[in-house]
Amino acid sequence: MSQEIQHYFTIFADDFGVFDTHTYDWFLHPVVTPTAIKEMRHHYQLPRTIATYNALFDRVNKATLDYLTVNFAGRHTGRQFLLALQDEMQGKTPLAYNNKILIKILHRLKFDVSDFIRYYHFAQSSLIKEQKNFHSEHLTTLPSTLIYFKDDVMMVDALAQRQIFAFLNEKTAER
């Protein structure tokens with residue numbers, strides 16, 4: 001691997017494409033912040049109420065915990081979950097995310113529901129760790145990406161995962 005990528009993001013607020021795992025070693029870190037929820041509420045043109053904010057936070061937090069649970073089976077499975085989630089939620093707001101969509105994704109990935117139930121309680125502590133890491137890196141914008149080259153580190157703010165590839169190709173050409 002020539003680059004290691006630490007990508008902090010909020011589920012439903014990032015645009016995921018195919019992961020080039022031969023050139024780039026991706027580490028995905030989901031984070032839920034009040035600012036991200038407010039921006040998402042604005043993006044989806046949802047009412048600016050406390051009830052909507054709380055409902056949106058609940059759905060994003062649940063989807064994040066679901067992703068982290070599936071990710072315990074391996075990063076490849078976690079990435080497939082994100083791509084399937086993005087596909088299932090096409091044309092919907094995050095408020096539409098529920099257990100029916102989760103079960104549909106788990107079946108699509110051939111992920112054993114009993115394994116999901118067994119690993120779910122580990123996801124909460126994993127999310128707390130991700131939140132702490134996000135803040136310890138002094139990051140404030142989501143998505144935020146740290147790209148580690150052999151002898152350099154570069155921080156990229158506000159580019160979705162899909163856009164990072166074009167950015168990396170451009171920067172590699174400059175080097």
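The points below go through a predicted model of one chain, from the overall fold to single residues.

1. Basis of the model. Residues are numbered from 1 along each chain as its sequence is written, and side-chain values use heavy atoms, with hydrogens and water left out. Because the model is predicted, local features need pLDDT of at least 70 and side-chain atom pairs count only at pLDDT 80 or more, while totals for chains, interfaces and linings use all residues.

2. Secondary structure. The chain contains six helices and four strands. Both are DSSP runs numbered from the N terminus: helices are H or I with at least four residues, and strands are E with at least two. In sequence order the pattern reads β-β-α-α-α-α-α-β-β-α.

3. Overall size. The C-alpha trace spans about 45 × 40 × 30 Å along its principal axes. A compact globule of 175 residues would have a radius of gyration near 16 Å, and the chain agrees, with 16 Å. This radius is taken over C-alpha atoms, and the globule rule is 2.2 Å times the number of residues to the power 0.38.

4. Of the 175 residues, 46% are buried. Buried means under 20% relative accessible area, exposed means over 50%, and partly exposed lies in between (1.4 Å probe, protein chains only). Among contacts with a separation of 6 or more, 60% join residues 24 or more positions apart; a contact means heavy atoms within 4.5 Å.

5. Helices α1 and α2. Two packed helices are described by the angle between their axes and the distance between the axes. The axes of α1 (residues 34-43) and α2 come within 10 Å and cross at roughly 110 degrees. Axes are lines fitted to C-alpha atoms, for helices over the stretch in contact, and angles run from 0 to 180 degrees between N-to-C directions. The two helices are therefore roughly perpendicular, a term for angles of 65 to 115 degrees (under 35 is roughly parallel, over 145 roughly antiparallel, the rest oblique). On the α1 side the contact uses Pro-34, Ile-37, Lys-38, Met-40 and Arg-41, and on the α2 side Thr-52, Tyr-53, Leu-56, Phe-57 and Val-60. By class, these are seven nonpolar, one polar and two charged residues. Nonpolar covers Ala, Val, Leu, Ile, Met, Phe, Trp, Tyr, Cys and Pro; charged covers Asp, Glu, Lys and Arg; the others, Gly among them, are polar.

6. Helices α2 and α5. The axes of α2 (residues 50-71) and α5 (residues 113-136) come within 8 Å and cross at roughly 115 degrees. That makes α2 roughly perpendicular to α5. This crossing is right-handed. The contact residues include Leu-65 and Leu-68 in α2 and Phe-116 and Tyr-120 in α5. By class, the contact has eight nonpolar, five polar and one charged.

7. The loop between α5 and β3. His-138 is in this loop and has a positive phi, near 60 degrees, in a residue other than glycine. His-138 is exposed, at 70% relative accessibility. Pro-143 is also found in the loop between α5 and β3, and a cis peptide bond, with omega about -5 degrees, joins Leu-142 to Pro-143.

8. Asp-151 sits in the loop between β3 (144-148) and β4 (153-157) and is exposed, with a relative accessible area of 71%. Its C-alpha atom is separated by 35 Å from that of Asp-66, 85 residues apart along the chain. Ala-158 lies in the loop between β4 and α6 (161-174), and its phi is positive, near 65 degrees.

Key
A crossing is left-handed if the near helix is turned anticlockwise from the far one by less than a right angle, and right-handed if clockwise.
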